[in-house]
Amino acid sequence: MSNYVYMFTEGRADMRSLLGGKGANLAEMTNLGLPVPCGMTITTEACRDYYRVGGSFPDGLREEILEKLKLVESKSGKKLGDPGDPLLVSVRSGAVFSMPGMMDTILNLGLNETTVQSVAKNTNNLRFAYDSYRRFIQMFSDVVLEIPKHEFEYILSKEKETVGVVYDQELSAQSLRNVIDKYKELVENQTGRSFPEDPLDQLFMAVEAVFRSWNNQRAIIYRNLNKISHDLGTAVNVQSMVFGNMGNDSGTGVAFSRNPSTGENILYGEYLMNAQGEDVVAGIRTPQPIAQLQQDMPEIYGQFVNIVQTLENHYKNMQDIEFTIERGKLYMLQCRNGKRTAQAAVKVAHDMVQENLIGKTEALLMVEPEQLDQLLHRQIDSSAKLTVIAKGLPASPGAASGQVVFDADKAEKIAKLGINVLMVRMETTPDDIHGIIAAEGVLTSRGGMTSHAAVVARGMGKPCVCGCESIKIDYAKQEFTVGGLTIKAGDVISIDGATGRVISGQVPMKDPELSTEYTTLLGWADEVKKLSVRANADTPEDAAKARAFGATGIGLTRTEHMFMGADRLPFVQQMILAESLEERQDALSHLLPIQENDFYGILQAMEGLPVCIRLLDPPLHEFLPSLEELLVETTKLRTSGKNAQLLTEKDSLLRKIRQLHEFNPMLGHRGCRLGITFPEIYEMQIRAIFNAAARLTKEGYTVLPEVEIPLTIDKAELIFFNDRIKTIAQEVFAAYGTSFHYSCGTMIEIPRAALLADELAEVSEFFSFGTNDLTQTCMGFSRDDAEGKFLPYYLEQKILKENPFIALDRKGVGQLMKLAVEKGRQTRPDLITGICGEHGGEPSSIVFCHQLGLDFVSCSPYRVPIARLAAAQAAV
Ligand code: PEP
Ligand code: MG
């Protein structure tokens, strides 16, 4: 068995990490007996070794390629470079994880001045031969010789202009010959060497270029975006060519076994007659819907439908398929699990269970938790009056509004300023990837549902309308026209990716409607998950939303967020600035009923479910005006000499703020340290919680309040508060003549608390890991400063693999959590444990929480469905 090169007949679908996705599936299709042109796959290992030895072919690779080439030649009955009947091949990249359009492809390799004539003779079609040759030179020069594409496009468009035609297909054989000669001249001028004539040289150069394309800029950006490792390398597939551009009984197309936008179970796709694959994907000509093939070539259509069914049944997943018809014969060029929108992912997973194709477990694993986010966001309000200016294809659902931008660099630049942009292009290419990332949505005037823009936008969950032919884009003038209307760069438009509408101006949005398939799938998730999913919510509205999204409790109510409201901030400030206990008590007496109502609303919205309310946490200066602002104000007052009374007040405020100033507020006077120094603040909050709970109990509601102490370091702190909590509870029970169950516990946010968890558990009924603070206190860097300043360097240098404020640092922070859970449970076996830092809504961190055996994760309301699915995936 060879090491670096496999024939398609030697591979299998499960050899993906070695053969790449494309190679593995070509092998699988070959072995299923489907019509796949023969070929070989050069492994990802060869690519990794290419880089390992410093960018050259590793020992033995060249020989193996030659050896396997002989087999391809004998199977196809043609020889590379043969002047009689030359073999032509495609050379394509094929990574382990699909990276559509990010790396390079070369078609028609093997053509030179001799073989092009043989192809002309054998096909009796000189035009076809020259067209193939000019395409080959163009692709090869771009990918291998790195001569900019537009130089070739320029020559081609000049020739069209000279002979007075609009489309490439209208160029005659003679024109194409002229183009070839000019292309060759260009290559010679740019490289100082003539275009390579020897097909073997072409082949080795192409393979090497595909290896190199693994590290091109757009591939790197794509991998960073999709968290794909940079070390995997790409495989290279060398396959004998079939031609979709051999006349009107030839064609090429792309299809999905189901609709990738909605998930509907109907064959979906498009094709172009007399064209090569790149024409469909590049979106240069707008193709025909696949259903039309039934009329054009009924037999081929029938055969194709059968193959699609075979593939879907075999892979038990929706397939994305590329095919070519050469002179009335069908060939399969690729199949893979199709990228789909969240809506489609949910529907396909659900429907396949109903069709008995897969089980519930497979269905749960088929949907990316993060993808669900797409379903939960706002859509265009259908009752709004809209000015629809055009209609294109509904390529990726969701609505987006933004300023029109015509190129990717600008899109990125403007978006960086915090302005929403919509990228408008005739079509997009992989070079536009950074613009698509930056934009809210994409609108193209050409290309179908499988064009680059559509595929990439769907993959990212961004709204996209494509093939909107009525808009006429003028890049030079930086505008597009539609009907009599002109839209300039910077004007705001909206798109609705679910219907294909293009709308002038900003549009009103409304909450989404969730499908029954979604509800069923998440119901299956709830059946299997072990973690319960709570939400972080500070208002009754957020609590109600979280409950509607399936939260079974509140894991964190940050009471300080309530302190910011305009109706209470003055009392909060009075409380902070008070010079005496009486003064502070007075402020607190105003705050008590306000807080009580806040808690009443939240407890009511979560009736019957636990609600964990954290007592005041942040440093007090966060509630006061900034020192800088105040300095400006007092200076102005002083120089104007007008309002002496106000100046005295402001001066005193200034003094107080200076007193409160801390060098390190995050490590300063915050959390339960505030409660220790000003117990009356915490007492007010505890009383507000219990009053609200008592009122609701009397009204017949079941309430389950949990009082949570933040930032503890020692059980003595908890004892200090527990005594007060107990006393206040008794007072409230007596005052209202009722009682309810409540519990007291703490957050674990400081390493010392984790280390002493056994002691803390003596007096704490629950632990909730505040992993935002625990990460910063464990790492010793501030979350507010790290991300903007040095963390990017840590990631770039691979000192840290991931941002620890996004994906939980299992190695360090995770170890503290593990220890705390173990120690806590030693003391108190029924200790409730959960997480309420941002990690509680991040799928990979949720898997870790499941492994630790936590009881709950808590996240923002919109992430609740994501967490439910991630928790289920962790459990199956
Ligand atoms: C935490 O530290 O993880 C936490 C939830 O608290 P906050 O983010 O409010 O500090
Ligand atoms: Mg915290």
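The protein chain contains 35 helices and 33 strands. Helices (H or I, at least four residues) and strands (E, at least two) are DSSP runs numbered from the N terminus. The model is predicted: local features need pLDDT of at least 70, side-chain atom pairs count only at pLDDT 80 or more, and totals for chains, interfaces and linings use all residues. Residues are numbered from 1 along each chain as its sequence is written, chains are lettered from A and ligands numbered from 1 in the order in which they are written, and side-chain values use heavy atoms, with hydrogens and water left out.

Along the principal axes, the C-alpha atoms of the protein chain fill a box of roughly 105 × 65 × 55 Å. The chain has 876 residues, and 55% of them are buried. Buried means under 20% relative accessible area, exposed means over 50%, and partly exposed lies in between (1.4 Å probe, protein chains only). The accessible surface of the protein chain is about 36200 Å². Carbon and sulfur atoms account for 51% of that surface. Areas were computed by the Shrake-Rupley method with a 1.4 Å probe; for residues, only the protein chains shown count as cover. Among contacts with a separation of 6 or more, 69% are between residues 24 or more positions apart. A contact means heavy atoms within 4.5 Å.

Charge was examined next. The protein chain carries 89 positive and 112 negative side chains. The centres of the two sets lie 1 Å apart. Lys and Arg count as positive, Asp and Glu as negative; His and the chain ends are not counted. Each charge is placed at NZ of Lys, CZ of Arg, CG of Asp or CD of Glu.

Side chains of opposite charge can pair when their charged atoms come close. The structure holds 48 salt bridges, each defined as a side-chain nitrogen of Lys or Arg within 4 Å of a carboxyl oxygen of Asp or Glu. In one of them, R584 pairs with E680, with the closest N and O atoms 2.8 Å apart. This pair links distant parts of the chain: R584 is in helix α22 and E680 in helix α26 (residues 679-698), 96 residues apart. R584 is buried because its relative accessible area is 9%. E680, at 10%, is buried as well.

D617 forms a salt bridge with R670, and the closest N and O atoms are 2.9 Å apart. D617 sits in the loop between β28 (610-614) and α23 (627-640), and R670 in the loop between α24 (644-660) and α25 (672-677), so the pair ties together parts 53 residues apart in sequence. Both D617 and R670 are buried. The two residues also belong to a network of salt bridges that links E560, R614, D617, R670, D773 and R783.

R638 bridges to D651, with the closest N and O atoms 2.7 Å apart. R638 is in helix α23 and D651 in helix α24, so this pair ties together parts 13 residues apart in sequence. R638 is partly exposed, with a relative accessible area of 45%. D651 is partly exposed at 21%.

K22 lies in helix α1 (residues 16-31). K22 is buried yet has no salt bridge. The nearest side chain of opposite charge, E322, is 5.8 Å away. Leaving out residues up to four places away in sequence, K22 touches R92, S93, G94, A95, N237 and Q334.

E762 belongs to helix α29 (residues 757-763). E762 is partly exposed, with a relative accessible area of 44%. Its contacts, not counting residues up to four places away in sequence, are K715, T827 and R828. The C-alpha atoms of E762 and S132 are separated by 79 Å, and the two residues are 630 residues apart along the chain.

Two surface patches complete the description. Patches are made of residues with over 30% relative accessible area and no salt bridge; like charges are joined within 9 Å, and nonpolar side chains (Val, Leu, Ile, Met, Phe, Trp, Tyr) within 5 Å. E579, E582, E583 and D586 gather in a surface patch of negative charge. E579 is in the loop between α21 (569-577) and α22 (581-605). E579 counts as exposed because its relative accessibility is 66%. Y793, Y794 and I799 make a nonpolar surface patch of about 330 Å². Y794 is in helix α32 (residues 791-796). Y794 is partly exposed, with a relative accessible area of 31%.
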